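Keep the sequence and the 3D view at hand while reading.

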Amino acid sequence: MADPRFFDNRGPLALAEICARANVSLPAGSDGARLVEDVASLSGAGPSHLTFFTGGKANAEDFANSQAGFCFVSQQAGKYAPPSSMTVIPCASVSHAFAAAARLLYPESSLQVWGQAQVIDPSAKIGENVVIAPGVVIGPRAEIGDGTQIGPNSVIGRGVTIGRNCEIGSNATVTHTLAGDEVLILPGAQIGSPGFGFASSASGHVKIPQLGRVIIQDKVEIGACTTIDRGALTDTVIGEGTKLDNLVQVGHGTRIGRHCVIVGQVGISGSCEFGDFVVMGGQVGIADHVKIGTGARLQARTGIYTGAVLEGGKDYGGMPVKPAREWIRETLTLSAMAKRGTKQ
């Protein structure tokens with residue numbers, strides 16, 4: 001479910017209207033007048049919510065236990081039995097159907113809507129001893145904690161909460177975000193922009209509304225020109241004490257644990273999960289749905305493929321990723337073979 005501080009829900013809408021706009025057939029025997037109040041994930045949905053299931057073992061348990069009243073399902077999901085209370089809506093493309101439904105409920109979900117508000121909206125709550133530099137814009141119902149400093153030309157979006165004794169550098173943008181205390185955001189950081197998610201077909205790419213948030217816990221540092229995207233239905237989370245260097249990309253729905261260190265130019269795709277105290281060297285590249293255990297260390301330029309699971313407390317390197325000692329041994333062996341070949 002989308003946070004009403006950041007998104008305006010235009011529902012409830014009749015199931016028949018949603019099916020028509022999503023270009024799917026109303027299921028036989030279902031009541032088209034039933035109201036859909038919101039969209040949500042499988043695990044977070046309730047009886048008046050619409051969700052989706054593409055099939056596959058990864059989400060099969062969530063599907064079986066979901067409390068959702070309505071669910072778009074793919075043709076490949078037929079072997080999974082839905083809950084008895086769920087109205088299943090088969091469709092050719094789950095991603096296209098869900099994108100259409102989400103846009104119908106949240107037509108203004110793409111970017112922050114500013115309107116003609118004052119530079120600092122009168123409904124914003126500003127704490128004591130807050131320093132606001134020239135050119136700062138603060139949106140409706142935003143909250144800024146005591147002792148926080150905001151640098152020139154930075155933008156704080158509607159409903160954003162910033163904790164106490166934070167520092168936000170110049171030209172930063174923070175939207176759709178809840179930030180804790182003593183957070184440091186360096187100049188040019190972009191936090192809370194829509195995640196990079198599309199429903200693709202031969203006719204092109206359709207943007208899937210991104211209705212999640214960014215959660216930044218206490219004492220996090222976010223480097224200059226780093227970008228953190230909000231999730232589609234789930235939150236992007238940066239754990240307490242984690243430090244992100246400059247020019248880091250964090251994809252939508254990724255959850256980073258406590259006290260991690262992520263060095264410059266690391267690229268993290270969506271829906272990844274990292275434990276605490278994970279360390280990543282420069283230019284590490286991580287595909288989507290990767291899980292990394294607590295205390296793992298990744299050497300610079302390590303490349304991790306989609307869905308990989310790395311045990312905690314170990315060192316890794318190479319592309320594709322492998323245990324660091326194995327990668328170094330293979331690299332040295334290859335180098336030695338190349339030298340022998342040159343001499344011959």
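## The sheet

F70 in strand 5 is the bridge partner of L50. Strand 4 and strand 5 pair in the parallel sense over four bridges; strands pair if DSSP finds at least two bridges between them. Helices (H or I, at least four residues) and strands (E, at least two) are DSSP runs, numbered from the N terminus.

This is a predicted model, in which local features need pLDDT of at least 70 and side-chain atom pairs count only at pLDDT 80 or more, while totals for chains, interfaces and linings use all residues. Residues are numbered from 1 along each chain as its sequence is written, and side-chain values use heavy atoms, with hydrogens and water left out.

The open sheet has four strands in the order 3-4-5-6, with parallel pairing. Strand 3 (38-39) and strand 6 stand at the edges with a single partner strand each, so one side of each has no neighbour in the sheet.

## Aromatic pairs

The whole structure holds five aromatic pairs, meaning Phe, Tyr or Trp rings (for Trp, the six-membered ring) with centres within 6.5 Å; planes under 30 degrees apart count as stacked, over 60 as edge-to-face and the rest as tilted. In one of them, the ring centres of F7 and Y106 are 6.3 Å apart and the planes stand at 80°, so the pair is edge-to-face. Both F7 and Y106 are buried, that is, under 20% relative accessible area (1.4 Å probe, protein chains only).

F53, F63 and Y80 form one aromatic cluster.

Methods. Buried means under 20% relative accessible area, exposed over 50%, partly exposed in between (1.4 Å probe, protein chains only).
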